[in-house]
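Biologist: I would like to check some labels against their definitions. Could you take me through them one by one?

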Amino acid sequence: MTITDEDCLAETLKFNGRFAAAAASRPAREEMPDAALLATLRRNRLGGDTPPVRLPQGQDRVIAGGVKVRAFVPDRVDGVYLHIHGGGWAFGSADGQDERLWRLAEQARLAVVSVEYRLAPEHPFPAGPDDCETDARWLVDHAAAEFGTRRLLIGGESAGAHLSVVTLLRLRDRHGITGAFRAAHLLFGSYDLSMTPSQRLFGSKRLLSNSETLPRSYELFTPAMGAEQRRDPEVSPLFADLAGLPPARIVVGTEDPLLDDSLFLAGRWQAAGAPVQLGVVAGAMHGFTLFPLTITERELGRERDFLATA
């Protein structure tokens, strides 16, 4: 494990404090009606209070199987990155990070394909994973014709990191596909929906995620499942056989309730035989790449370099 960005710790912790103070002045999520909360979260940019910016470079498409995607295709394409957005499986969208994804596409010379998977609670498990699996299989079959390359990468943030691992496991177990995706980039994912120790012990600190908000997300995504049912490897990939998965870069912050998820997954991933880069960002909270911080710019640069060279 490498702890990075300790030279930015003062700035990072100061931001966390401001975020928590601002959150304390708003109604807690549990005090808002579910419908109103979801409407607000789905309208606004992840981690913010304003709608996301849509760029003209984004192309909305419907692929085989009826799954919607948003693609960003630069002039030069050396690979295809299947991006799966975060948002607790219940909000977020493929057009919620246009500026970041277009910059990644240009700088890493990747066609970025972001999947608009169905969201809970209207479409609980397994709808979202089904859509990601459909998109991944479509890329395996059509990336060469569509984008001129068979070099495929996969990754996402938070729920998107979880869905990325689930997708790789489904390709292997349901379709016998291994090696098609050359690498996985996994940012602060949840890999044990029965809750790792760090999830349970983090407490009620009003950061982007905590011990109180996580169980509500799991209930929306996997309604009526108990902790033991959520340990099913198809739901919680931390419990899966990870053999045959590609090299991975796994990143989490020290102030993230999902810290153990990344630490444990990295250990199991490496034990299964694939190279792993594990980055632990000093002081970073869950979702830190959504905010204008020095650690964000550094992390996005590391993500770009990993995906460009994997």
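Modeller: Start with Gln107, which lies in helix 3. Keep in mind that this is a predicted model.

Biologist: Why is Gln107 called partly exposed?

Modeller: Its relative accessible area is 44%. Buried means under 20%, and exposed means over 50%. The value for Gln107 falls in between, so Gln107 is partly exposed.

Biologist: How far is Gln107 from Arg76?

Modeller: Their C-alpha atoms are separated by 9.9 Å. Along the chain, the two residues are 31 residues apart.

Biologist: Which residues point which way from strand 4?

Modeller: Gly79, Tyr81 and His83 point one way. Val80, Leu82 and Ile84 point the other way.

Biologist: How do you know that strand 4 pairs with strand 5?

Modeller: Pairing needs at least two bridges. Strand 4 and strand 5 have five, so they pair, in the parallel sense. His83 stands opposite Ser114 in strand 5.

Biologist: What about strand 4 and strand 6?

Modeller: Five bridges join them, and they run parallel. At least two are needed, so this is a pair by the rule. Here Leu82 stands opposite Ile154.

Biologist: Which elements make the right-handed β-α-β unit?

Modeller: Strand 4, helix 3 and strand 5 make it. The label is right-handed because, with the strands pointing away from the viewer, the path over the helix runs clockwise.

Biologist: Which residues touch the most other members of the largest nonpolar core?

Modeller: Phe147, Phe181, Leu186, Leu265 and Trp269 do, in a core of 73 residues. Helix 5 gives the most to this core, with seven residues. Apart from this core lies another, of 14 residues, among them Tyr81 and Leu153.

Biologist: Why are such residues found together?

Modeller: In soluble globular proteins, nonpolar side chains tend to be buried together.

Biologist: What makes a space in this model a cavity?

Modeller: A 1.4 Å probe fits there but cannot get out. By this rule there is one cavity of 30 Å³ or more. The largest cavity holds about 80 Å³ of space.

Biologist: Which residues line the largest cavity?

Modeller: Among them are Leu168, Arg172, Phe181 and Pro246. Helix 5 gives the largest share of the lining, three residues.

Methods. Residues numbered from 1 in each chain as written. Predicted model: local features only at pLDDT ≥ 70, side-chain atom pairs only at ≥ 80, totals over all residues. Heavy atoms only, no water. Buried < 20%, exposed > 50% of the residue type's maximum accessible area, 1.4 Å probe, protein only. Helix = DSSP H or I, 4+ residues; strand = E, 2+ residues; numbered from the N terminus. Core = buried A, V, L, I, M, F, W, Y, C linked by side-chain atoms within 4.5 Å. 1 Å grid on protein atoms, 1.4 Å probe; cavity = no way out; pocket = protein on both sides within 12 Å on 5 of 7 lines; lining within 4 Å. Points joined across faces, edges and corners; volume = space filled by probe spheres on them.
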